[in-house]
Amino acid sequence: MTEKHIVLEDIDPLMLYGAGNGHLQIIKSLYPKLRIVARDNVLRVLGDQEQMDRFEQSIELMRQHVLKYNTIGEEDIIDIVSGHKTKEEGVKGVIVYSITGRPIKARSENQQRLVEAYEQKDMVFAIGPAGTGKTYTAIALAVKALKEKTARKIILCRPAVEAGEKLGFLPGDMKDKIDPYLQPLYDALEDMIPQVKLQDMMEKKVIQIAPLAFMRGRTLSDAVVILDEAQNTTPAQIRMFLTRMGWNTKMMITGDLTQVDLPKGQRSGLREAYDLLRDIEGISFIEMNQKDIVRHKLVTRIVNAYERYDRERQDIKQYEISPNATEQSDETLSK
């Protein structure tokens with residue numbers, strides 16, 4: 001009889017053990033000749049060497065299943081031990097799975113173009129109105145890179161700009177002060193990585209979330225770097241950010257040019273980057289529209305209404321500044 005310790009390093013062991021150790025009891029029943037004891041993230045196994053080898057292979061497949069799908073069920077455990085394929089393996093086009101096991105994939109033509117651009121280019125801009133899945137898709141691609149070990153870390157940042165209102169003094173330490181600006185990034189991450197694992201990754205700096213100002217002086221290598229709400233950067237800020245790119249790094253920049261919260265008269269850095277870089281080799285620009293909106297159907301109607309309003313204002317403004325506008329008006333009055 002031999003003894004072996006199996007360490008579950010990169011998953012939350014509670015997911016594998018199940019509520020009330022329900023999954024663990026099923027595993028034990030499938031290997032009745034082995035004595036299995038679980039302590040935190042360590043499985044202590046005693047028994048026949050041949051049985052133990054089979055058990056170790058099964059646990060590794062279960063670990064990979066939890067790592068990929070963020071969940072595992074009783075049927076999955078039985079399928080793995082019996083050598084059958086799990087039902088999720090037939091799903092195509094999945095980027096990652098949510099913490100509930102829901103497949104996260106491109107839901108529109110331009111979201112799919114964003115996925116393909118990320119695979120082909122090292123720097124990708126995703127520009128479009130609210131609700132088109134720019135940030136969510138970008139973070140899903142970053143989490144996938146981390147799971148597949150093609151990147152060592154994820155770095156997410158945003159400019160700390162209020163959306164039309166002054167928040168004033170914010171209490172607490174630096175993290176408390178910047179968290180309100182970064183909450184949308186936390187929301188997406190919490191949908192894709194279990195809470196305990198996410199907290200551990202953030203403590204170990206595998207996932208870093210910071211305001212844009214913290215990027216100065218850094219060289220970002222072996223990472224997926226995402227700049228969200230880039231329309232609220234100044235030209236100097238986005239230039240500083242883009243030049244942080246190091247080796248084996250992919251950058252994704254997302255923004256909505258119709259929602260610029262910069263002071264009046266200040267040009268958006270995203271607009272300038274679009275004008276300067278859209279023909280540069282190795283950089284891809286994906287422009288999204290109302291067809292890509294995946295939020296409530298009212299969001300599409302709201303975006304359409306505001307775009308019509310903006311076009312009408314632009315037409316009026318162009319008419320007012322036209323050099324022939326006064327002459328045409330005088331001619332009309334004389335007639």
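Q: Which strands does helix 3 lie across, and at about what angle does helix 3 run to strand 1?
A: In this predicted model, helix 3 (residues 49–69) lies across strand 1, strand 2 and strand 3. Its direction is at about 5 degrees to strand 1.

Q: What makes strand 1 and strand 2 edge strands?
A: The three strands form an open sheet in the order 1-3-2, with antiparallel pairing. Strand 1 (2–7) and strand 2 (35–39) each have a single partner strand, so one side of each lacks a neighbour in the sheet. Neighbouring strands here are turned by 15 degrees against each other on average, direction ignored.

Q: Why is Thr137 called buried?
A: Buried means under 20% relative accessible area. Thr137, in helix 6 (residues 134–147), has 5% relative accessibility and therefore counts as buried. Leaving aside neighbours within four places in sequence, Thr137 is in contact with Ile95, Gln111, Leu114 and Val115.

Q: Why is Leu298 called partly exposed?
A: The class lies between buried, under 20%, and exposed, over 50%. Leu298 has a relative accessible area of 43%, so the residue is partly exposed. Leu298 is found in helix 11 (residues 297–321).

Q: Which residues make the nonpolar surface patch of about 440 Å²?
A: Leu298, Ile302, Tyr306 and Tyr309 make this patch. Patch residues need over 30% relative accessible area, and Leu298 at 43% therefore passes that cut-off.

How values were computed. Residues are numbered from 1 along each chain as its sequence is written. This is a predicted model: local features need pLDDT of at least 70, side-chain atom pairs count only at pLDDT 80 or more; totals for chains, interfaces and linings use all residues. Side-chain values use heavy atoms; hydrogens and water are left out. Two strands pair if DSSP finds at least two bridges between them. Helices (H or I, at least four residues) and strands (E, at least two) are DSSP runs, numbered from the N terminus. Axes are lines fitted to C-alpha atoms, for helices over the stretch in contact, and angles run from 0 to 180 degrees between N-to-C directions. Contact means heavy atoms within 4.5 Å. Patches are made of residues with over 30% relative accessible area and no salt bridge: like charges are joined within 9 Å, nonpolar side chains (Val, Leu, Ile, Met, Phe, Trp, Tyr) within 5 Å. Accessible areas come from the Shrake-Rupley method with a 1.4 Å probe; for residues, only the protein chains shown count as cover. A salt bridge is a side-chain nitrogen of Lys or Arg within 4 Å of a carboxyl oxygen of Asp or Glu. Buried means under 20% relative accessible area, exposed over 50%, partly exposed in between (1.4 Å probe, protein chains only).
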